[in-house]
Amino acid sequence: MAWFKRTKKGIQTATEDKKDVPKGLWYKSPTGKIVDAEELARNFYVSPEDGYHVRIGSKEYFEILFDDNKFKELDANLTSKDPLKFEDKKKYPDRIQEAEKKTGLKDAIRVGVGKSKGKDLVVACMDFSFVGGSMGSVVGEKIARAAKYSLDNRIPLMIISKSGGARMQEAVLSLMQLAKTSVMIAQLAEEKIPYISLCTDPTTGGTTASYAMLGDINISEPGALIGFAGPRVVKDTTGKDLPDDFQTAEFLKEHGFLDFITHRRDLKDKVNLYLDLIQNHQVRA
């Protein structure tokens with residue numbers, strides 16, 4: 001009966017003194033470390049206990065890279081159409097509308113231009129929260145336009161990849177973005193305008209097969225999953241057992257696919273150091 005009746009009297013707590021734990025106050029990393037949410041934000045969304053880089057979106061990357069978080073967003077209202085009239089468990093337009101309401105985004109990428117350590121930089125950043133960061137016509141078009149803006153204004157371009165691959169609801173139209181974006185990146189190279197590719201967790205599928213691996217310098221965050229096909233598909237195709245760290249950033253760096261891996265707190269400094277060196281400019285403090 002003690003379950004249903006108080007065994008002690010006089011337990012009285014004023015309403016204003018009752019404490020509710022706000023949602024999201026704590027974050028638990030995959031290794032089981034518990035981190036205060038505010039401390040996590042102050043540490044660039046990296047767990048101070050184990051160095052785990054929490055998955056973040058364009059909002060947070062823009063805050064990290066742009067001076068005082070000031071930037072102009074390009075092509076902010078570009079949205080997907082449904083030329084194939086695709087329908088699986090739900091119609092494609094309904095899926096897009098649902099993703100927009102859930103994330104507040106128009107598609108899986110945003111493009112901003114602003115100052116980074118005092119110099120202009122174009123940053124195209126993918127958002128995994130929007131349909132798994134899938135690459136459709138809008139993603140390809142916005143990357144192409146970002147590259148065109150860089151060409152016209154001779155401003156370095158940085159693309160931050162975070163994607164599950166091509167968007168199946170757009171079928172071949174999605175796959176066409178691989179060629180479209182690669183052509184624009186090639187034009188940057190011809191004009192000797194620097195292009196930096198940052199691979200974050202995860203960078204897979206068509207994204208990896210195109211712009212994510214075409215940087216003048218290819219970099220990554222620690223522990224990021226980077227690959228084209230999944231480990232199971234690779235194992236079934238090759239018939240060989242795969243290393244435990246297969247398709248991690250560290251594995252790719254060891255095998256020459258990445259130039260370096262950087263902690264998120266050092267990202268802004270290292271990106272701008274590279275830009276100063278490659279353009280033969282005075283190194284900024």
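Trainee: Which residues line the largest pocket in this predicted model?

Mentor: T208, M213, I226, G227, F228, F246, Q247, F251, L252, H255 and F257 line the largest pocket. About 230 Å³ of space lies in it.

Trainee: How do you know that there is space at all?

Mentor: Rolling a probe the size of a water molecule over the atoms shows where empty space is left.

Trainee: What makes up the lining of the largest pocket, by class?

Mentor: The lining has 7 nonpolar and 4 polar residues, and no charged residues. G227 is in the lining, and Gly counts as polar.

Trainee: Why is R167 called buried?

Mentor: Buried means under 20% relative accessible area. R167 has 1%, so R167 is buried. R167 is found in the loop between β6 (157–163) and α5 (171–190).

Trainee: Which residues is R167 in contact with, leaving aside its neighbours within four places in sequence?

Mentor: Among them are S80, Y92, D107, F130, M135 and S174. Contact means heavy atoms within 4.5 Å. S174 is itself one of the buried residues of α5.

Trainee: Which other residues of α5 are buried?

Mentor: Q177, L178, T181, M184, I185 and L188. The buried residues of α5 pack against α4 (137–153), β6 and β7 (195–203).

Trainee: What comes just after α5?

Mentor: K192, which takes a positive phi of about 60°.

Methods
Residues numbered from 1 in each chain as written. Predicted model: local features only at pLDDT ≥ 70, side-chain atom pairs only at ≥ 80, totals over all residues. Heavy atoms only, no water. Helix = DSSP H or I, 4+ residues; strand = E, 2+ residues; numbered from the N terminus. Buried < 20%, exposed > 50% of the residue type's maximum accessible area, 1.4 Å probe, protein only. 1 Å grid on protein atoms, 1.4 Å probe; cavity = no way out; pocket = protein on both sides within 12 Å on 5 of 7 lines; lining within 4 Å. Points joined across faces, edges and corners; volume = space filled by probe spheres on them.
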